[in-house]
Amino acid sequence: MRAQGNTILITGGGSGIGRGLAEALHREGNQVVIAGRRQSVLEETAKANPGMRFLTLDIEDPEAIREFAARVTVEFPALNVLINNAGIMRMENLLAQPDDLGDAEAMVSTNLLGPIRLTAALMPLLRRQEHATIMNVSSGLAFVPLALTPVYSATKAALHSYTCSLRYQLKDTAVEVLEIIPPYVQTDLMGGAEDPRAMPLMDYIAETMELLKTEPTPAEICVKNVHGLRFAESSGRFAAVFQGLNDAFSGS
Ligand SMILES: NC(=O)c1ccc[n+]([C@@H]2O[C@H](COP(=O)([O-])OP(=O)(O)OC[C@H]3O[C@@H](n4cnc5c(N)ncnc54)[C@H](OP(=O)(O)O)[C@@H]3O)[C@@H](O)[C@H]2O)c1
């Protein structure tokens, strides 16, 4: 990915990892556009970073995604980087949910269908650019599931799989495909903003930005703290890492 001069759309750019990336990429000299549902947090983020733009979007709504992509194509014709970062994470008790699968369905439509739909809607615009990048934000839990958040972990595993296929299908085009794989980071995603077990947000963003500047850009952006989860299976440690992770969070 080019270090500067890009026009970058970041979903969920008004808080947490999305905001951290938006501000860092803005400082590096890129036109950054952030999107999400809460106008107030988007407005506040854009105001704190003069030149940053924002648009509201509910990524659970397929029609809203189509209208949003049409608007982006007109207002930001140079858009060449899409960061699919918006996500939600909810705990689920699989023994007590026969009637209400609302959380499960919301996570599938936000974390998995959202990136798939937005990528499809913006593909014509991205294909028109000389260099373009699609970055999908998955999770270390794509590789070792947290049993407390079964559908969340499953959506991230599916997003990883989709990202591999997307990269392969686009290999002969000017669109590169990257996957950002965060470890547990201090944000409001599930009340972990102050959890000392989570990586401080600014440390996470700094290490991620360094990796993004590596030449050539790695297909997977994995800070050191996520290596244990990302490489659990390939290092033959899956069972031990799965047990350790789930025992550590069983009282959460
Ligand atoms: N923090 C971690 O430990 C961690 C670890 C691994 C992966 N991740 C991933 O990192 C990404 C960012 O999460 P975060 O930790 O930074 O949490 P966060 O602060 O809660 O950010 C999530 C963002 O997604 C947006 N969003 C949620 N639902 C949306 C919808 N329907 N339409 C549009 N935007 C929506 C939210 O904005 P609105 O509410 O305003 O819509 C919010 O800005 C997520 O994909 C998450 O799964 C986080």
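**View 1. Helix α1 passes α6 in a right-handed crossing****.** A crossing is right-handed if the near helix is turned clockwise from the far one by less than a right angle, and left-handed if anticlockwise. This is a predicted model: local features need pLDDT of at least 70, side-chain atom pairs count only at pLDDT 80 or more, and totals for chains, interfaces and linings use all residues. Residues are numbered from 1 along each chain as its sequence is written. Helix α1 (residues 16-27) and helix α6 (residues 201-212) pack at about 50 degrees, their axes 10 Å apart. G16, G20, L21 and A24 of α1 meet L201, M202, I205 and M209 of α6 (contact: C-beta atoms, placed from the backbone, within 7 Å).

**View 2. Helices α3 and α4 make a right-handed crossing****.** The axes of α3 (residues 62-75) and α4 come within 9 Å and cross at roughly 25 degrees. The two helices are therefore roughly parallel. On α3, the contact uses P62, I65, R66, A69, V72 and T73. On α4, R117, L118, A121, L122 and L125 take part.

**View 3. Helix α5 spans residues 150-169****.** Its 20 residues reach 29 Å from first C-alpha to last, close to the 28 Å expected at 1.5 Å a residue. Buried residues of α5 include V151, Y152, L159 and L166 (buried: 20 or more other C-beta atoms within 10 Å of its own, C-beta atoms being placed from the backbone). The buried residues of α5 pack against α4 (102-128), β5 (132-137) and β6 (175-180).

How values were computed
Axes fitted to C-alpha atoms, helices over the stretch in contact; angles between N-to-C directions. Helix = DSSP H or I, 4+ residues; strand = E, 2+ residues; numbered from the N terminus. Contact = placed C-beta atoms within 7 Å. Expected span 1.5 Å × (residues − 1). Buried ≥ 20, exposed ≤ 12 C-beta atoms within 10 Å, placed from the backbone. Parallel < 35°, antiparallel > 145°, perpendicular 65-115°, else oblique.
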